[in-house]
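Please look through the sequence and the model shown below before reading on.

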Amino acid sequence: TTLDSSNRKRSTADDFHEHAKRFKYKPSNPNLSYYDQVMDHLQQVCDAVGGMGYRVVRGVATATQEGDYAGQQDGAFDPTKCSPRQVQHIRVFIITPVRQQVMDQMSQLLFSKVKSSSSVVVLKQSDVLDNYSSFQSMYITCNDATKFNMLLGWTETMKDHGDAVANESWLVTHHSTAIQEMLTEIAESWKELLAGRSTSSEELGIDDQFTRPGVVCMLEQFRDECLEPRSYTFPFNNIIRKKKRVHSTFVRMDKNATTDANAEKENGFDGET
């Protein structure tokens, strides 16, 4: 809490509100491509909220013939030539120093009891369950912004280490009722923070432009990954506030920024996002 010029107490939420809630994009260069405008906007929001960088959840849409989305691994791929519809497929969330610190703490907590003699570290069911009570005891004592960062660190670490490694990771081992209960509780905590009537983006310390939709996208990916191969459910629905339409996250397209059908076809994009 700080004091303004009239000695009125100001909360950090007030400060965040002024700097980031309705952050409007001001082009640094009128000749930028739509993709570069979005990246420029992202950098401006990142600077405004004190971000040190961002995590890419989903990149520009470049669909394969099978309909799967490919990233930008191909060196010949040029995102600046993509249509606005393709660029709007991007989802990211901004990382602040505090967020990074808390996320690192959650990752360390999950792996605190892991012992591995090889270069491949496996997150097992026992690692998750043995440390979940510690997570819960810390979580209930924190403010909403810290709770958000804790949930993000815990969920992302589980997501990143759920793939099959010698059939021992927490996701691919036998179905566990305790793991399912934990996933349900984590999902409920997310819904309480992101869709709760009493919690605003300012109180969570996040921006509506990129971080909120980026985190929701990450949670939806996690929900889908939990279904295979052990049929876990992560009861999380799309909870972006209805008044915050997804496409409004990005730079507003002017009347000349029409969809370039040729560019989309050239990039293998099928129009689905």
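Is Cys46 buried or exposed? Cys46 is buried, because its relative accessible area is 4%, where buried means under 20% relative accessible area, exposed means over 50% and partly exposed lies in between, with a 1.4 Å probe and protein chains only. The model is a predicted one, in which local features need pLDDT of at least 70 and side-chain atom pairs count only at pLDDT 80 or more, while totals for chains, interfaces and linings use all residues. Residues are numbered from 1 along each chain as its sequence is written, and side-chain values use heavy atoms, with hydrogens and water left out.

**Overall make-up**

- The protein contains 10 helices and 6 strands, these being DSSP runs numbered from the N terminus, with helices (H or I) of at least four residues and strands (E) of at least two.
- Of the protein's 273 residues, 44% count as buried.
- Among contacts in the protein with a separation of 6 or more, 74% are between residues 24 or more positions apart, a contact being heavy atoms within 4.5 Å.

**Cysteines**

- The structure has 0 disulfides, a disulfide being a pair of cysteine sulfur atoms within 2.5 Å.

**Helix 9 and its partners**

- Helix 6 (residues 144–160) and helix 9 (residues 211–226) have axes that come within 11 Å and cross at roughly 40°, where axes are lines fitted to C-alpha atoms, for helices over the stretch in contact, and angles run from 0 to 180 degrees between N-to-C directions.
- That angle makes helix 6 oblique to helix 9, since angles under 35 degrees count as roughly parallel, over 145 as roughly antiparallel, 65 to 115 as roughly perpendicular and the rest as oblique.
- Helix 6 passes helix 9 in a left-handed crossing, a term used if the near helix is turned anticlockwise from the far one by less than a right angle, with right-handed used if clockwise.
- On the helix 6 side, Phe148, Leu152, Thr155, Met158 and Lys159 take part, and they meet Thr211, Val215, Met218, Leu219, Gln221, Phe222 and Glu225 of helix 9.
- Sorted by class, this contact of helix 6 with helix 9 has 7 nonpolar, 3 polar and 2 charged residues, where Ala, Val, Leu, Ile, Met, Phe, Trp, Tyr, Cys and Pro count as nonpolar, Asp, Glu, Lys and Arg as charged, and the others, Gly among them, as polar.
- Helix 7 (residues 177–195) packs with helix 9 at an angle of about 160°, with their axes 13 Å apart, and that angle makes helix 7 roughly antiparallel to helix 9.
- The contact of helix 7 with helix 9 divides into 8 nonpolar, no polar and 1 charged residues.

**Helix 4 and helix 5**

- Helix 4 (residues 97–110) and helix 5 (residues 125–139) pack at an angle of about 140°, with their axes 8 Å apart, which makes helix 4 oblique to helix 5.
- Met106, Leu109 and Leu110 of helix 4 make this contact with Asp127, Val128, Asn131, Ser134, Phe135 and Met138 of helix 5, and by class it has 6 nonpolar, 2 polar and 1 charged residues.

- Ile186 lies in helix 7 and counts as buried at 3% relative accessibility; leaving aside neighbours within four places in sequence, Ile186 is in contact with Tyr132, Phe135, Leu151, Trp154, Thr155 and Phe234.
- The C-alpha atoms of Ile186 and Phe234 are separated by 8.3 Å, although these residues are 48 residues apart along the chain.
- Leu193 also lies in helix 7 and is buried, with a relative accessible area of 3%; its C-alpha atom is separated by 8.3 Å from that of Lys147, 46 residues apart along the chain.
- Asn149 is found in helix 6 and counts as buried at 6% relative accessibility; not counting residues up to four places away in sequence, Asn149 touches Val98, Arg99, Val102 and Met103.
- Asp208 is placed in the loop between helix 8 (201–204) and helix 9, and Asp208 counts as buried at 14% relative accessibility.
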